[in-house]
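User: I'm new to this one and I'd like to learn how to read it feature by feature. Could you walk me through it?

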Amino acid sequence: MTKAELAECIDAYGTDIYSFCAYLTGSRQEAEDLYQDTFLKAVELRETIKADQNPKSYLLAVAVRIWKNKRRKFAWRKRIAQVQTLTEEKEIQSCGETEQSAEAQYLRKADLQAVRAAVAALPDRYRAVVLLFYMEGMAVAQIAAVMKIPEGTVKSRLYHARRILEKELEVVLNEKRP
């Protein structure tokens, strides 16, 4: 892949990759770091990226691998010495709904916030799979390739994540049913 093609990939998929990083990490600072590390790695590996194949999937795989490595390093350091981290409140993106009433918009935002909080509370192995499946719209086979795990494991993690989310969001789901 040439520099120009890589620049086109950054323009085309940059916001999607950043959004994925933000959901995966849960904080703006970590998302920005992960985003930058992902594209720095892409610049290093640009010769291995095939423009005719799915470069977005490749970039998501790079982001997941970097995130996993950072989590592993953090866990190792945490075992050695306790570290306190500062958490940053998540920003809720506006939905762009101008025709609905203020009450409907508020309820929709509250539902979105509840879903995002439930997804953020998932264990890391489930959260990554859920985000790739629902947010990025990737197929099970693609997720398996990105995360370098068997397809059956992806399906199992999706199943377990859905059950956890169903329990966590039971109140929200029951309010919507007549």
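User: Leaving out residues up to four places away in sequence, which residues does L132 touch?

Analyst: A quick word on the ground rules before I answer. This is a predicted model, where local features need pLDDT of at least 70 and side-chain atom pairs count only at pLDDT 80 or more, while totals for chains, interfaces and linings use all residues. Residues are numbered from 1 along each chain as its sequence is written, and side-chain values use heavy atoms, with hydrogens and water left out. Now, contact means heavy atoms within 4.5 Å. By that test, L132 touches F20, L60, V64, G137, M138, I143, V146 and M147, not counting residues up to four places away in sequence.

User: Which residues touch the most other members of the largest nonpolar core?

Analyst: The general idea: in soluble globular proteins, nonpolar side chains tend to be buried together. A nonpolar core here is a set of buried Ala, Val, Leu, Ile, Met, Phe, Trp, Tyr and Cys residues joined through side-chain atoms within 4.5 Å. Buried means under 20% relative accessible area, exposed means over 50%, and partly exposed is in between (1.4 Å probe, protein chains only). In this model the largest core has 41 residues, and L132, M147 and V154 touch the most other members.

User: And which elements give two or more residues to this core?

Analyst: Elements are DSSP runs numbered from the N terminus: helices are H or I with at least four residues, strands are E with at least two. Those giving two or more residues are α1, α2, α3 (55–80), α4 (102–120), α5 (124–135), α6 (140–147) and α7. The biggest giver is α3, with eight residues.

User: Let's zoom in on α7. Where is A161, and what is it in contact with?

Analyst: A161 is found in helix α7, which covers residues 151–168. A161 counts as buried because its relative accessibility is 0%. Setting aside neighbours within four places in sequence, A161 is in contact with L122, Y126 and V130. Take Y126: it is 35 residues from A161 along the chain, but their C-alpha atoms are separated by 5.7 Å.

User: How many aromatic pairs are there?

Analyst: Rings of Phe, Tyr and Trp (its six-membered ring) pair if their centres lie within 6.5 Å; planes under 30 degrees apart count as stacked, over 60 as edge-to-face and the rest as tilted. By this rule there are three aromatic pairs. One of them joins Y18 and Y35, edge-to-face, at 5.7 Å centre to centre and 85° between the planes. Y18 sits in helix α1 (residues 3–25) and Y35 in helix α2 (residues 28–44), so this pair ties together parts 17 residues apart in sequence. Y18 is partly exposed at 28%, and Y35 is partly exposed at 22%.

Y35 also forms an edge-to-face pair with F39, with 5.0 Å between centres and 70° between planes. Both lie in helix α2, four residues apart, about one turn of the helix. F39 is buried, at 7% relative accessibility.

User: How do α1 and α2 cross?

Analyst: Two packed helices are described by the angle between their axes and the distance between the axes. Axes are lines fitted to C-alpha atoms, for helices over the stretch in contact, and angles run from 0 to 180 degrees between N-to-C directions. Here the axes of α1 and α2 come within 9 Å and cross at roughly 145°. Residues that meet across this pair include L6, I10 and G14 in α1, and R28, E30 and A31 in α2.

User: How many salt bridges are there?

Analyst: A salt bridge is a side-chain nitrogen of Lys or Arg within 4 Å of a carboxyl oxygen of Asp or Glu. The count by this rule is eight. Among them is D16 with K56, whose closest N and O atoms are 3.2 Å apart. D16 lies in helix α1 and K56 in helix α3, so the pair ties together parts 40 residues apart in sequence. D16 is partly exposed, at 30%, whereas K56 is buried, at 18%.

Another one joins D124 and R127, at 2.5 Å from N to O. Both lie in helix α5, three residues apart, about one turn of the helix. D124 is partly exposed at 24%, while R127 is buried at 9%. Salt bridges that share partners also join D16, K56 and E136 into one network.
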